[in-house]
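Q: Could you take a close look at one part of this model with me? I would like to go through its aromatic rings.

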Amino acid sequence: MRKIKKKVSRIGSYAIATSMTYHQPCITCTTFNILAPIYKRLKHNSRESDYKAFWLSRNHRILDSLLHERSSIICLQEFWVGNQELVHLYEKRLGDAGYVFFQLGRTNNRGDGLLTAVRKDYFRVINYRELHFNDCGDRVAQLLHVELAVPISECWTKDARQELLIVNTHLLFPHDSTLCLVRLNQVYKILQYVESYQKENKLNPMPILLCGDWNGSKRGHVYKFLRSQGFVSSYDTAHQYTDADAHKWVSHLNHRGNVCGVDFIWLLNPNRYSKLLKTSWSEAIFGMFKDLLRRASLTEDQAFAFLKVDDDGDCISYLGFCEALRQLNLTGHRHGLSVQEINDLWIQADIDGNGVIDYKEFQQRIWSPMWSEQQDEMNNDVQDNSLNNVQVQTIGFSIENAVLFPPEVEKGRWPEDYYLSDHARLTVVFSPIRMPCSLSSTS
């Protein structure tokens with residue numbers, strides 16, 4: 001595959017992500033929360049939705065910027081599905097530009113929702129699915145299963161997979177600590193749905209892009225949960241940022257006046273190991289559990305004692321475990337853990353299955369969890385045993401570059417003269433690459 005060089009380009013007020021050396025053809029993906037007019041606050045406590053000239057002009061400018069970039073994939077959040085004139089505007093301009101698109105409103109007629117569009121000259125849509133979380137936030141997600149319309153290379157074998165899954169979503173804003181569980185469950189539902197879709201359709205491994213407004217930063221449990229599943233943040237990978245570099249870029253000025261980095265395009269390549277989904281979810285919940293114990297200034301010994309109901313006992317009982325969850329506000333309210341989820345956590349923590357959690361189990365599963373490393377070692381053993389696997393050729397992605405607009409946000413600053421949205425626009429450039437994957441010969 002021939003390499004070509006392209007120059008970093010920022011034309012006028014648009015950030016054009018055509019900036020790097022990459023393998024042709026490239027695929028570009030843009031995610032953008034466009035701030036629904038029903039939420040955009042103006043002076044005197046009014047909303048932009050009350051002034052047609054305002055919201056129409058702003059959305060024309062949003063479309064101008066999107067069509068100028070001409071990304072292969074566009075994922076929008078806070079799309080005003082409740083206004084037919086605006087919907088028709090996007091239908092007309094995106095359709096005329098060669099996009100096929102899908103919109104999905106939030107449940108209970110909240111007024112806004114999602115829009116996902118792909119260029120017809122790049123992709124053929126195999127399937128489209130909708131996911132309704134049916135929770136307190138009325139949030140939703142879209143799943144597109146697409147195939148590249150043009151083969152990456154003539155040297156590929158005819159049976160080589162050139163498909164990918166695209167997810168667009170907008171997670172709940174963490175108005176208070178009880179909603180952290182809701183947000184984590186929203187991501188869990190997405191990954192469960194993707195997993196079941198792949199199994200239901202007997203799909204071979206393929207890359208997955210998770211796009212959208214995650215309403216949480218790199219310091220949060222949602223970020224850690226996705227990282228534990230093998231996903232990488234495309235923007236951070238392109239700029240060689242580590243998980244500790246949360247302060248180096250921002251993408252949102254929220255209604256509280258805080259700037260934060262919450263917009264992501266996550267990539268999972270088909271050869272990237274993912275641990276069991278339920279294991280990752282349990283780790284995330286126990287991570288939240290441990291953070292709450294630490295915020296209460298409890299040491300390891302004090303935390304173990306807190307989990308025990310019987311001060312004379314030397315183990316944690318199921319009753320003590322449930323009571324600790326209640327006191328830490330993880331249960332006992334409509335957003336809390338369900339009985340089944342509590343049981344799943346208990347099963348993970350009670351390693352030997354004897355009905356109690358001793359101090360060693362408390363250390364290994366809750367305070368200083370070791371299961372991630374153990375699981376990774378098990379995975380390495382499986383990967384080494386490739387003789388029993390069938391090798392298939394599939395598409396993967398190399399992350400070539402990522403650009404946030406306006407450019408000031410890449411330095412951690414929010415410009416005062418930016419009015420397109422209260423979110424930055426993120427565009428990532430991917431190079432499709434051939435990637436061998438192993439399938440079990442017994443599957």
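Are Tyr 223 and Trp 266 buried or exposed?

A: Happy to walk through it, keeping in mind that this is a predicted model. Tyr 223 and Trp 266 are both buried. The structure holds 24 aromatic pairs, so let us take two of them, because rings of Phe, Tyr and Trp count as a pair when their centres lie within 6.5 Å.

Start with Tyr 122 and Phe 123, whose rings sit 6.3 Å apart centre to centre, with 45° between the planes, a tilted arrangement.

Now back to your two residues. Tyr 223 and Trp 266 also form a tilted pair, with 5.2 Å between the centres and 55° between the planes. This pair links distant parts of the chain: Tyr 223 belongs to helix H4 (residues 221–228), while Trp 266 lies in strand E16 (residues 263–268), and the two are 43 residues apart.

Tyr 223 and Trp 266 belong to a cluster linked by ring pairs, together with Tyr 235, Tyr 241, Trp 249 and Phe 264. If you select those six side chains in your viewer, you can trace the cluster from Tyr 223 in helix H4 and Trp 266 in strand E16.

Note on methods:
Residues numbered from 1 in each chain as written. Predicted model: local features only at pLDDT ≥ 70, side-chain atom pairs only at ≥ 80, totals over all residues. Heavy atoms only, no water. Phe/Tyr/Trp six-rings, centres within 6.5 Å; stacked < 30°, edge-to-face > 60°. Helix = DSSP H or I, 4+ residues; strand = E, 2+ residues; numbered from the N terminus. Buried < 20%, exposed > 50% of the residue type's maximum accessible area, 1.4 Å probe, protein only.
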